[in-house]
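Here are my notes on the model you passed along, set down point by point. Have the structure open while you read.

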Amino acid sequence: MSITNLLENWSDFRQQHPSDDRPHREYKWAMSIDLDSCTGCNACSVACYAENNLPVVGKVKFSHGHSHHWIRIERYWDNDGREFADQGAQFLPMLCQHCESAPCETVCPVGATNHTADGLNSQVYNRCVGSRYCNANCPYKVRYFNWYDYPTTDNVWPEPMNQQLNPDVTVRGKGVMEKCTFCVQRLTVAKSNARTEGRLVLDGEVQTACQQVCPTGAITFGNLVDPLAKVGKQWMTQQVELNKDKQAKNEAEEAAKLRGYRILEELRTYPSVMYLEQLRESAI
Amino acid sequence: MEKDIREDIAWAQINKDVLKSLESPRRLYWVILLIALAMISVAVGCEIYQYTTGMGVSNKNNSHVWSLYIATFIFWIGMSHSGTLLSAILHLMHADWRKPIYRFAEAMTTFSLMTAGLFVMVHLGRLWQVYYVMPYPNERWVWPNFQSPLVWDMFAIATYLSSSVLFLYVGMIPDLAICRDNIHAGWRKKLYTVMSLGWEGTDRQWRNFRVTYLTIACFLIPLAVSVHSIVASDFAMSNMPGWHVTSFPPYFVAGALYSGCAAIITLFIILRYVFRFEEYMTLPIMKKLVRLTFAIAMVWTYLNLIEFASVWYGHDQTAKDQLIFKATGPYAPFFWAMIFFGSILPLMLAFKRFQTHLPILFVVSILLNVGMWLERWMIISPSFAHGHYPWTWDHDQWPSLVQWGIVFGSFGWFTLLFMVFCKVFPSVSMYEVKEMVYHRSLALKHKPAVKGDY
Amino acid sequence: MSKRHLLALFNDFDEAVAAIAELRGANIKGFDMDDMILKSPIEHPEVEKVLGDKPVNVQWFTLIGACTGALLAFFLVSGAQANFFSQIKGGKPIVPLPPNFVLTYEMFILGGVFITILGFLICAGLPAKRSSLYSVKVSEDQIGILVKGDESAVAAFKTIFTKHKALEIQEEAGK
Amino acid sequence: MIENSFNRRDFLKVLGWGGATVALSGCGNTSVEDGKEFVTSYVQTADYIIPSIGTYFNSTCAQCDAGCGIMGRVREGRVLKLEGNPKSSINNGKMCGLGQAGVQAHYNPDRIREPLLRNGNKGEAITWEKALALINEKVGGVKAENVAFLTGGVSGHVKVLLKNYLDALGSGHHYVYEAVAPSIVRAANKKAYGVEMPRLRLDKAKVILSFGADFLGAWISPVHFSQQYAHFRKADNGERGVLVQVESKMTLTGANADRWLAIRPGTEGIFALGLINALAAAGLSVSGDVAAVVKEYTTDRVSKDTGVSTEHIGKLAALLKERSPSLIIAGSAAEGYAHGSQNATAIALLNQVLGNVGKTVEGSSSIPFPQMAPTTGNRLALQTLNDNMAQDKVKVLFSYGANPVFTAPVSMKLKENLKKVPFKVAFAHYMDETAVEADLVLPLNSALEDWGTVMPEYIAEGAQLNIRQPLMEKLHPGTLGMGDILLALLKQHRPDEYKGYEDFYSYLRNAMVSNKGALGGANADDDTFWEAALSHGVVKLVGATVNISSHVPANGLVVPAPFVEDSTYPLHLIPAVSASLRDGRNANEPWLQESPDPLTTIVWDSWVEMHPKTAAKLGIVEGDIVEVASKSGAIKAQVYVFTGIHPDVVSVPLGYGHEAMGRYAKGVGVNAFKILDPVFDKETGELAMHETRVKVSKAGHRVIIVKDEGPAGGKQMGRKIAVRMSSDKVNLSKEV
């Protein structure tokens with residue numbers, strides 16, 4: 001901790017991260033979810049259980065709100081007063097939004113959740129002391145705490161079920177906060193492979209578990225910096241910008257026909273997940 | 001009006017009375033001590049259970065990640081503030097009626113801080129890693145996150161605790177010398193001899209003592225304010241509806257002084273009764289104390305209303321929903337109880353007849369603190385039950401017995417510490433009472449004759 | 001040539017003051033005014049006044065303590081942040097000033113308090129061994145005057161003390 | 001013999017080419033722990049096996065009958081996760097939650113680990129030799145026609161062996177039973193189009209009108225349909241198809257519809273005919289006989305009968321008229337009545353009138369190997385078997401891939417009749433309700449450690465033969481594949497014919513390789529062909545496309561008037577087929593129990609769906625425990641109130657309420673199969689699933705429903721969370 005370092009690079013240290021003149025260099029992982037294709041079938045959620053060793057907590061603990069679904073399907077009705085939900089439901093897969101300016105990061109007393117260089121909102125399990133301040137400050141409430149010791153005392157993976165556990169992902173013990181990681185274990189592999197070949201990760205080269213399984217392909221995931229990436233193009237066409245809390249959609253009249261939006265944007269969390277509005281036919 | 005204290009108390013008498021409070025306790029003392037220990041063991045039991053099984057047993061969940069532990073933590077921190085108020089602020093203002101009662105108030109400050117500290121630990125999911133919060137050098141250059149209000153808390157409370165302990169101790173040195181001089185054998189003799197640092201009351205010692213005491217007092221006031229505004233920023237700095245309120249820091253400080261004063265009244269009455277301190281903890285002083293409390297109560301009420309008003313008037317629909325939920329939802333009974341105990345009940349204190357009616361004051365002062373505890377709970381839980389994200393709202397998750405047990409036990413812990421203190425150290429500052437008596441008698445002497453030549 | 005110590009105890013503070021004044025007036029051979037120490041049960045500005053003003057230096061300690069505390073805090077915190085890049089917080093600079101100011105403020109007070117206490121102990125010469133000439137009365141309700149002077153002066157002291165109704169005069173065989 | 005054939009070295013030697021189990025050779029899995037076998041070091045393994053790097057092997061999902069291709073991620077000899085097999089035209093690399101849970105069926109702690117022979121009330125472990133010998137003895141002891149084989153839908157080589165075995169026994173009694181199969185629709189399709197399962201081209205349709213077909217959730221081949229649905233919603237030219245769902249209880253598909261029309265139960269046929277009438281009125285050319293049939297189905301009357309507003313009927317007709325081609329699908333809601341066949345036919349007629357046949361309803365392709373073609377099951381089969389058992393015509397009963405004791409309504413008295421069968425053999429993974437009744441329980445390999453071939457009933461794009469190969473070493477040495485068992489049984493009767501085959505694997509390989517010509521490997525040598533087959537996981541079959549006819553017998557088509565009110569049993573019970581639990585065979589997989597039901601978000605329990613009106617009438621609020629009583633029985637469950645259901649209807653999900661099977665299934669919820677009334681479709685004789693009438697009464701206490709949804713329910717409370725806009729505002733073609 002040299003003071004000289006501090007003083008020499010002072011201006012760098014005063015730069016907020018990331019900013020327009022210092023954008024993400026190689027990677028910025030982002031997602032877009034088309035709510036018009038999402039059928040709410042829950043496949044993504046189960047895939048997440050399989051990929052990320054999420055514990056099945058059982059009825060009692062679920063009833064206490066101790067469930068661990070890093071990606072959960074929310075179901076909304078909008079039949080205000082009408083006798084039937086005659087326009088169907090609105091399904092919304094909610095996962096960690098990997099905010100660019102994440103409320104959870106600043107408040108963690110031990111710095112267990114940070115912003116990675118490629119724009120992820122990381123969670124360092126073995127640094128976490130379980131103050132749960134991050135969850136308290138998360139407007140989306142997509143962080144899940146290990147209220148019990150699921151692997152051991154609760155034994156949620158009885159022999160031989162524990163053999164299914166993904167060796168690339170830690171099994172979290174009690175007292176640790178956890179959340180969606182954008183399948184960071186897959187990203188890491190893809191990145192190192194790319195690095196050995198002296199290139200960047202190509203679009204579609206790496207998929208998150210939820211994206212991979214989604215039967216209707218509602219989820220798109222990729223590198224926002226990569227001009228060829230589909231996700232980037234989607235953000236572009238929807239005119240959604242990462243570091244803004246008001247998009248063209250909200251301001252320009254003619255832009256009102258855009259579908260892209262981000263949830264609770266007004267809180268200036270700058271989420272990395274863009275949703276595309278669900279559509280309903282007006283002719284019927 | 002009658003005097004705060006008789007000028008003609010013999011100084012030897014003062015020594016005698018106060019030192020008597022250190023003598024071997026009566027049976028009642030031991031009984032209370034045992035009760036306190038029992039309460040503590042309940043808490044310890046709960047904590048062991050929670051530590052081994054996991055945080056889940058406290059009936060928190062992914063919506064209610066914080067609950068009674070944090071609420072009670074704030075409560076105890078708040079309790080600690082009025083000690084500083086009495087000793088430091090009134091000291092600077094030369095309000096000498098503080099002299100007989102500030103000692104135990106300071107003790108209370110220290111002990112409630114020590115109690116509060118425990119709750120931070122109890123709250124942690126991984127208590128065994130708590131040292132991660134400390135900024136200690138390590139080969140990986142891993143530091144705590146200095147941007148986190150919790151880390152500020154850590155710094156602030158550490159500072160506050162150590163400073164108020166020192167303040168208490170320095171202020172006690174002359175009295176320790178008195179103890180040393182009057183107790184002639186046993187561990188007490190050794191203890192006092194060591195702790196009094198060989199104080200002789202020489203002019204040199206007094207001179208530096210005066211300056212030091214004044215200086216620390218000056219430091220302590222802004223410190224106390226900063227401590228509770230930092231605790232407030234745990235919430236004000238977050239984005240939760242019902243927490244993200246600009247007026248929180250002053251609101252918290254006011255609440256802190258409020259609950260502290262109430263606690264002082266309670267302890268005042270107990271000590272006065274137990275140690276027969278009628279000569280020193282006199283009704284006029286109580287009257288002043290009660291008026292002070294009343295004033296602060298009104299300040300708190302005002303800030304409380306301001307908070308509601310600003311939310312009400314503001315455009316943040318989420319925060320508004322939150323407020324309405326607080327007042328009408330499942331938490332409504334507690335909310336209105338808080339309003340009653342915190343804002344309506346203290347109006348009694350405005351009436352002379354109650355200002356010196358100890359039994360009533362005793363009950364009221366305790367109820368005020370109940371109200372203040374509820375306030376802290378009403379800040380925490382409703383915001384979790386009804387936050388930004390409707391899907392994760394949770395209206396029917398209540399603290400488990402484990403939580404209640406630990407909260408309950410914390411009062412035992414405080415009682416224990418305080419009772420031990422009262423028996424080991426003089427809970428009334430002898431030398432300052434002497435000063436008080438001396439100066440007041442001088443004042444009498446120098447009163448101009450009725451037939452003044454002017 | 002050996003010195004002798006005398007401690008006289010007074011009940012009436014005014015008498016004590018008078019005694020001091022007289023000691024000052026009658027410039028006794030082999031006795032220096034600075035060799036007089038006043039022992040009192042309470043803080044006693046007006047009595048001390050007659051001893052002539054003696055400087056108090058605690059506040060300097062305070063100043064130094066507070067400043068070092070503040071500087072230490074700011075550089076420790078900022079330096080730590082500057083050298084631990086994996087702790088980047090989205091949307092915030094690596095060295096954010098507002099939080100660091102808070103911590104600086106706390107450490108400013110902490111340093112101030114601690115060093116002040118240190119200063120107090122140094123200036124007040126504590127902890128110390130009690131001088132052999134000490135009476136528990138001093139900590140109760142009597143004021144004591146401790147003088148140091150030559151053999152020759154002792155008589156003079158005694159006369160002055162007795163004159164001002166000293167309750168008791170302790171004497172110590174000097175070496 | 002089992003021992004030898006499963007000597008590990010040989011096993012691997014043979015499988016070496018297959019590749020699947022090479023991955024395992026590094027780690028003997030459980031068998032290594034108990035030291036029975038030795039570990040082959042990685043030095044000797046194939047070069048593509050790298051420790052800590054996952055290797056993928058293709059196989060076929062067995063969680064439902066859609067036959068999706070799966071791709072198992074294998075690491076250090078353990079299968080970790082199932083992905084979709086991109087080469088399979090059914091699911092093209094995608095999967096559903098149910099399929100994902102396949103690994104939990106495989107690693108399930110409650111699997112049976114060795115053959116069990118009933119001894120009083122408990123089963124005692126015996127060796128395979130003894131078990132098979134016992135079977136031989138028993139079937140030898142009875143007349144051939146008294147041997148019955150009950151299975152679920154079967155296809156591929158296992159089906160061939162099964163048939164051969166039954167032939168060898170001389171018994172023709174093969175009962176194929178599927179509790180929730182769309183058998184009435186099949187029959188109607190057969191009549192209308194000449195094929196039971198035409199290809200439905202959702203992706204080509206501009207409008208889809210589905211009568212309770214939950215094709216996104218649990219109907220026939222959901223993953224395939226979901227992908228077509230994605231195209232349908234966002235065609236390459238940016239056009240967006242319109243989905244209208246007509247049903248009495250909202251399904252997952254209904255929840256995704258542009259317009260969900262709550263219809264009075266059973267009036268689907270009326271609605272279809274009404275639409276034809278409206279279309280004709282709107283100027284669509286309709287043949288005379290049809291016009292004659294539909295003429296009295298005026299919009300007003302239809303609206304009165306079905307409870308669907310005239311406005312919506314009009315709009316729908318207009319939509320169907322202007323946007324062509326459309327696709328009309330008859331689903332379980334339409335077929336589930338005594339007049340289910342008529343309903344289905346009426347709907348087929350609508351398709352024909354709209355000229356969709358041939359456009360969006362295509363003929364599937366024929367299957368070159370009819371003996372391997374899927375035998376689809378129905379509910380009638382169980383009825384017949386049940387009658388035979390009641391008349392003591394069954395002396396030895398084999399049960400495979402079905403759990404009749406769980407899925408049969410109490411009115412059938414199946415359990416009692418089962419007791420009359422002297423010797424019952426169950427091939428099972430779990431000690432499920434049927435296995436508990438059996439005298440001999442034979443533990444099967446899980447789908448991830450077994451060999452086989454599968455031909456799905458619904459043919460997506462051209463017929464294909466799906467390969468099922470082991471993704472890892474057997475977890476439990478005591479289990480055996482169905483193919484191996486059948487082979488062993490066959491050897492008892494036709495030794496000389498089958499002695500050449502050491503095990504099912506060698507039989508399968510031989511069978512495939514010897515037919516490689518027909519399997520598109522004409523000019524590849526055996527090994528190359530076999531390797532390719534295994535590594536692709538599917539073998540495309542060249543089958544002629546079956547032409548689809550379009551002559552719906554319009555004349556004589558009558559759809560009965562809506563139900564008369566029944567004062568004692570005022571409500572209709574709709575047993576809902578949930579996407580994850582289906583008929584309950586997967587209930588012991590915890591992921592499925594904990595993944596919330598899409599519409600109610602309830603987990604780990606059954607519930608009774610009810611419309612707010614009905615609830616108000618009965619003075620019921622959410623969480624009340626109610627008794628749902630039909631003529632044949634009663635169940636108790638918690639009430640969930642929501643507006644996705646017709647007021648005349650209550651709905652209870654199927655698949656819950658197991659009394660056996662395992663720790664995750666047992667005692668969770670109630671079994672709605674039990675209270676189904678014995679009402680049958682007039683034409684096919686199938687049990688009509690939606691015909692049960694019930695009365696609902698409070699059973700006293702109230703519970704807090706365990707669900708993911710919070711106290712805000714489905715409301716967004718003014719927040720901008722899930723947003724919806726009208727489709728005419730956007731131009732999808734501009735989107736990426």
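**Notes on the four chains**

1. Let me start with chain C, where the C-alpha centres of domain 1 and domain 2 lie 46 Å apart. Domain 1 of chain C is made of two stretches, 3–55 and 133–172, while domain 2 of chain C covers 58–123. Keep in mind throughout that this is a predicted model.

2. Staying in chain C, have a look at strand β1(C), residues 3–10. β1(C) pairs with β3(C), residues 143–150, in the antiparallel sense over eight bridges. If you want a pair to click on, K3(C) sits opposite D150(C) in β3(C). β1(C) also runs antiparallel to β4(C), residues 168–172, and five bridges join these two strands. There, A8(C) has I169(C) of β4(C) as its bridge partner.

3. Now for chain A itself. Chain A has ten helices and eleven strands, and its C-alpha atoms fill a box of roughly 70 × 50 × 40 Å along the principal axes. A compact globule of 284 residues would have a radius of gyration near 19 Å, and chain A comes out at 20 Å, so the two agree. Of the 284 residues, 60% count as buried. Among contacts in chain A with a separation of 6 or more, 60% are between residues 24 or more positions apart.

4. Which pair of chains shares the most contacts? Of the five pairs of chains in contact, the answer is chains A and D. Here 65 residues of chain A are in contact with 75 residues of chain D. Several elements of chain A give two or more residues to this side, including α4 (58–63), β2 (72–76), β3 (90–94) and α9 (230–237). α3(A) makes the largest contribution, with seven residues. The side of chain A that touches chain D divides into 28 nonpolar, 20 polar and 17 charged residues.

5. β11(A) and β26(D), residues 724–726, pair in the parallel sense over three bridges. Q278(A) stands opposite R724(D) in β26(D), if you'd like to find the spot.

6. Chain D also has a sheet to look at. This is an open sheet of four strands in the order β11-β10-β9-β12, with parallel pairing. The edge strands are β11 (259–262) and β12 (326–330) of chain D, each pairing on one side only. On average, neighbouring strands of the sheet are turned by 15° against each other, direction ignored. Within this sheet, β10(D), residues 242–247, pairs with β11(D) over four bridges in the parallel sense, and Q245(D) stands opposite W260(D) in β11(D).

7. Which helices go with that sheet? Helix α15(D), residues 310–322, packs on it and touches β9, β10, β11 and β12 of chain D. The direction of α15(D) makes about 135° with that of β9(D). Helix α17(D), residues 340–353, lies across β9 and β12 of chain D, and α17(D) runs at about 175° to β12(D).

8. Last, chain B, where you will find 16 helices and zero strands. Its C-alpha atoms fill a box of roughly 80 × 55 × 45 Å along the principal axes. For 454 residues, a compact globule would have a radius of gyration near 22 Å; chain B has 24 Å, which agrees. Buried residues make up 54% of the chain. Of the contacts in chain B between residues at least 6 apart in sequence, 82% join residues at least 24 apart.

Note on methods. Residues numbered from 1 in each chain as written. Chains lettered and ligands numbered in written order. Predicted model: local features only at pLDDT ≥ 70, side-chain atom pairs only at ≥ 80, totals over all residues. Pairing = 2+ DSSP bridges. Axes fitted to C-alpha atoms, helices over the stretch in contact; angles between N-to-C directions. Contact = placed C-beta atoms within 7 Å. Domains from an automatic or database assignment. Rg over C-alpha atoms; globule rule 2.2 N^0.38 Å. Buried ≥ 20, exposed ≤ 12 C-beta atoms within 10 Å, placed from the backbone. Nonpolar A, V, L, I, M, F, W, Y, C, P; charged D, E, K, R; others polar.
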